[in-house]
Amino acid sequence: MSETSTSAAADIQPIIETQPERTDLPLAVMPVVVASMIPYFKENISLLHDVVRLCMYGDFTLDENTIVSRCQDADAVMIIGFHVTDSIFNRLTESAHVRCFAFGGTGVASYINLQAARERGVRVCNVVRYGDHAVAEHAFALLMELARHVGDLNRQVHAGSWEGADGYALHGKTVGLVGFGGIGQVFARMLQGFGMNVLVWNSHLDQDAVARLGVTPVDDMGDMFERSDIISLHMPLLAATKGIVTAQSLEHIKPGTLFINTARAEVIEQGALAKRLARGDVKAALDVFEHEPLPQDDPLRQVPGIIMTPHVAWRNEEAYRNLTRQVFQSVAAFATGSDFNAVVK
């Protein structure tokens, strides 16, 4: 493995290149990376030895031309922190050299057009169950911010104010969870530790998990929303879940409810959440958005008291370690003809 230092120059060089002399091996390129993930990718480089060549850049960019240029000779591309727009996809696959995209997350459908990949015979992989605790912990952090306003109170004191703010009691409240997979189940245990009652809605409920955790299943999402003081979304984005939380469902949310989304914005009918929150009677905390980065003119920015974080729920050291290993395993599987974590084969 050879390493070179990065610079701010436009012709920045990769920070890691492995086995560059092995031109008989397929080339996997990571054109963009989150800096804090680099040490964890380095830990797992041995998974690619004598399987693929790796070319990894150490800076973060969303410039399409830069991303495409870096991937010009790639057979596989690792998607970390950027969306494969239709333009990027076409430019990288029309010449038939990029045949695999390995996404560093679970909800790959919001990062790449899966139907286009199927039609062109391009493999798409994701990672699974890598950050259940990380996302659940961030959801709970958002809940605590809505309930106790720690961030605002900190800013008050630093600014010399002692005004304070009233808290919102969590003990005894009812929480409705949309989605009850790994993240939802971890979050449910946290809620129960604070003495909250948990209702769950899922299109395919794990009855063993329902019994084990002592939560209450609800058949109708609207009914659950009416009964909930707090609502939190934990549904993966799939073809079957896109827009599953409809504008009509959101009409069942009662005033004063706390609403949290650390799943995917696309599981909500497009534009419906912004319209519901515009009334000002529901407090929300969101980590995911229909357009990322969030445009300056997005109507959500006008919602009073909304808490927004930049899609970071998944980011901690445990999740990084699991994610980076699975990304490399997916690329190695592509190179050796197996189908580890293949969403589109």
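Which residue just after α7 takes a positive phi of about 75°? Glycine 195 does.

This is a predicted model, in which local features need pLDDT of at least 70, side-chain atom pairs count only at pLDDT 80 or more, and totals for chains, interfaces and linings use all residues. Residues are numbered from 1 along each chain as its sequence is written, and side-chain values use heavy atoms, with hydrogens and water left out.

**View 1. Helix α7 and the end that follows it.** Helices (H or I, at least four residues) and strands (E, at least two) are DSSP runs, numbered from the N terminus. The 12 residues of α7 reach 17 Å from the first C-alpha to the last, close to the 16 Å expected at 1.5 Å a residue; the expected span is 1.5 Å times one less than the number of residues. Gly182, Gly184, Gln185, Val186, Phe187, Ala188 and Leu191 of α7 are buried. Buried means under 20% relative accessible area, exposed over 50%, and partly exposed in between, with a 1.4 Å probe and protein chains only. These buried residues pack against α5, β8, β9, α8 (207–213) and β11.

**View 2. The open sheet of seven strands.** The strand order is β10-β9-β8-β11-β12-β13-β14, with parallel pairing. Because β10 (216–217) and β14 (307–308) at the edges each have a single partner strand, one side of each is left without a neighbour in the sheet. Two strands pair if DSSP finds at least two bridges between them. Helix α5 lies across β11, β12 (258–261), β13 (283–286) and β14, and runs at about 155° to β12. Helix α7 (residues 182–193) packs on the sheet and touches β8, β9 (197–201) and β11, its direction making about 175° with that of β8. Axes are lines fitted to C-alpha atoms, for helices over the stretch in contact, and angles run from 0 to 180 degrees between N-to-C directions.

**View 3. Strand β8 and its two partners.** Five bridges pair β8 with β9 in the parallel sense, and four bridges join β8 (residues 174–178) to β11, also parallel. Valine 178 has tryptophan 201 as its bridge partner in β9 and leucine 233 as its bridge partner in β11. Five of the five residues of β8 are buried. Thr174, Gly176 and Val178 lie on one side, with Val175 and Leu177 on the other.

**View 4. Strand β12 between β11 and β13.** Four bridges join β11 to β12 in parallel, and asparagine 261 of β12 is the bridge partner of leucine 233. On β13, which pairs with β12 in the parallel sense over four bridges, alanine 284 is the bridge partner of phenylalanine 259. Leu258 and Ile260 point one way from β12, Phe259 and Asn261 point the other way, and all are buried.

**View 5. Aspartate 229 in a loop.** Aspartate 229 sits in the loop between α9 (221–227) and β11 (230–233). Aspartate 229 counts as buried because its relative accessibility is 18%. Leaving aside neighbours within four places in sequence, aspartate 229 is in contact (heavy atoms within 4.5 Å) with residues including Tyr168, Lys173, Lys254 and Leu258.

**View 6. The largest nonpolar core.** A nonpolar core is a set of buried Ala, Val, Leu, Ile, Met, Phe, Trp, Tyr and Cys residues joined through side-chain atoms within 4.5 Å. The largest has 36 residues, and those with the most contacts inside it are Met37, Phe41, Met56, Met78, Leu323 and Phe328. Among the elements that each supply at least two residues are β3 (27–30), α1 (38–43), β5 (76–79) and α12 (317–336). Helix α12 gives the most, with seven residues. Leaving aside neighbours within four places in sequence, methionine 78 is in contact with residues including Met30, Leu54, Ala102, Val327 and Phe328.

View 7. The 20 residues of α12 should span 28 Å at 1.5 Å a residue, and the end C-alpha atoms are 29 Å apart, which agrees. Asparagine 316 caps the N-terminal end of α12, with a side-chain oxygen 3.2 Å from the backbone nitrogen of glutamate 318. Just after α12, glycine 337 takes a positive phi of about 90°.

**View 8. Cysteine 100 in strand β6.** Cysteine 100 is found in β6 and counts as buried because its relative accessibility is 0%. Cysteine 100 and serine 330 are 230 residues apart in sequence and 9.3 Å apart in space, C-alpha to C-alpha.

Note on methods:
A polar contact is a pair of N or O atoms within 3.5 Å; within protein, one must be able to donate a hydrogen and the other to accept it, and residues adjacent in sequence count only if both atoms are side-chain atoms.
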